[in-house]
Amino acid sequence: AAWPAAYLLHEPRLVGMLLVLAGTAPLMSLDLAAEAKLQNQMRFGLLAMVNWGMELLKLALTVVFAAILPAQFKAYSFVLPRPIFAVTRLLILWRAARPPIHLRPQLSRWKYMFNDSATLFISGLFLMLQWQGDYIVLGRIYTGAVLGIYFLAFNLSIQTMQLFTGNLTGVLFPALAKLQGDPQRQIRAFLDATRMLALIAVPLCMLQMGLADPGVRLFFQDNKWQDAIPVLQALSVVMAVRVVASPGGSLIHAQVQFLVILITNIINA
């Protein structure tokens with residue numbers, strides 16, 4: 001898709017970056033089995049340390065590549081750390097989890113995986129459309145400057161949500177999955193987690209909205225970025241709603257209601 005995407009967005013420099021990202025994708029999928037095993041074993045401390053370490057590594061590599069790459073290739077500083085990040089995380093998680101690998105393919109079990117995987121695969125396509133659709137539409141209708149303002153505002157607005165939902169989802173899903181045999185306890189655990197998230201994350205999203213104006217003016221002194229302030233304020237309010245809804249995905253996954261996930265993603269897209 002690299003060449004069609006570059007043609008559609010009138011940006012030939014996308015080709016090389018998309019090829020690097022495409023080569024990274026299989027590496028990032030190979031650690032799923034190890035991560036799932038660690039989650040099932042409730043080894044969240046290890047996963048948290050690995051994820052924190054990997055984010056620091058990715059940030060450090062981004063800075064290094066930004067410093068050493070020629071001006072015309074500076075954008076690659078956001079792309080080149082990803083394969084290094086993926087391989088490092090893969091090695092650490094597989095060493096920690098040691099998931100068993102059998103030479104026997106056990107074909108009789110594949111049918112149980114394919115039905116659910118097909119539903120989740122289609123659901124994932126619509127989820128990708130949700131996450132990338134705004135960039136695609138803005139990129140086609142407006143100039144790169146408008147897209148850049150939205151990109152900055154969106155990525156700043158989502159920080160509070162990612163801080164809480166990324167960690168909570170990793171803990172909540174395996175915990176709720178273990179309560180499948182006790183639906184009442186499962187619902188109570190879900191509601192407790194949602195209340196806790198609302199009490200902490202919603203005020204922080206509102207604080208983020210209030211600090212948007214002085215924060216952007218302080219850290220982005222170029223006047224062109226000040227157009228992002230009202231966009232960031234609006235998105236911060238939206239994130240307050242979205243962060244409270246996020247545990248619902250863990251509950252639906254734990255209840256194995258994959259068709260519900262598919263229908264929801266289609267509607268959202």
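Q: What makes Lys58 count as lying over the face of Phe85?
A: In this predicted model, Lys58 is 4.8 Å from the ring centre of Phe85 and lies over its face. A charge sits over a ring if NZ of Lys or CZ of Arg is within 6 Å of the ring centre and within 35 degrees of the ring normal. Residues are numbered from 1 along each chain as its sequence is written, and side-chain values use heavy atoms, with hydrogens and water left out. Local features need pLDDT of at least 70, side-chain atom pairs count only at pLDDT 80 or more, and totals for chains, interfaces and linings use all residues.

Q: Which ring does Arg242 lie over?
A: Arg242 lies over the face of Trp131, at 4.6 Å from the ring centre.

Q: Why is the pair of Tyr135 and Tyr150 called edge-to-face?
A: The ring centres are 5.8 Å apart, with 70° between the planes. Rings of Phe, Tyr and Trp (its six-membered ring) pair if their centres lie within 6.5 Å; planes under 30 degrees apart count as stacked, over 60 as edge-to-face and the rest as tilted. The pair is therefore edge-to-face.

Q: What parts does the pair of Tyr135 and Tyr150 tie together?
A: Tyr135 lies in helix α6 (residues 110-141) and Tyr150 in helix α7, so the pair joins parts that are 15 residues apart in sequence. Helices here are DSSP runs (H or I, at least four residues), numbered from the N terminus.

Q: How do you know whether Tyr135, Tyr150 and Asp134 are buried or partly exposed?
A: Buried means under 20% relative accessible area, exposed over 50%, and partly exposed in between (1.4 Å probe, protein chains only). Tyr135, at 16%, is therefore buried, as is Tyr150 at 15%. Asp134 has 21% and so counts as partly exposed.

Q: What describes the packing of helix α7 and helix α10?
A: Helix α7 (residues 144-157) and helix α10 (residues 228-245) pack at an angle of about 35°, with axes 8 Å apart. Axes are lines fitted to C-alpha atoms over the stretch in contact, and angles run from 0 to 180 degrees between N-to-C directions.

Terms used
Helices (H or I, at least four residues) and strands (E, at least two) are DSSP runs, numbered from the N terminus.
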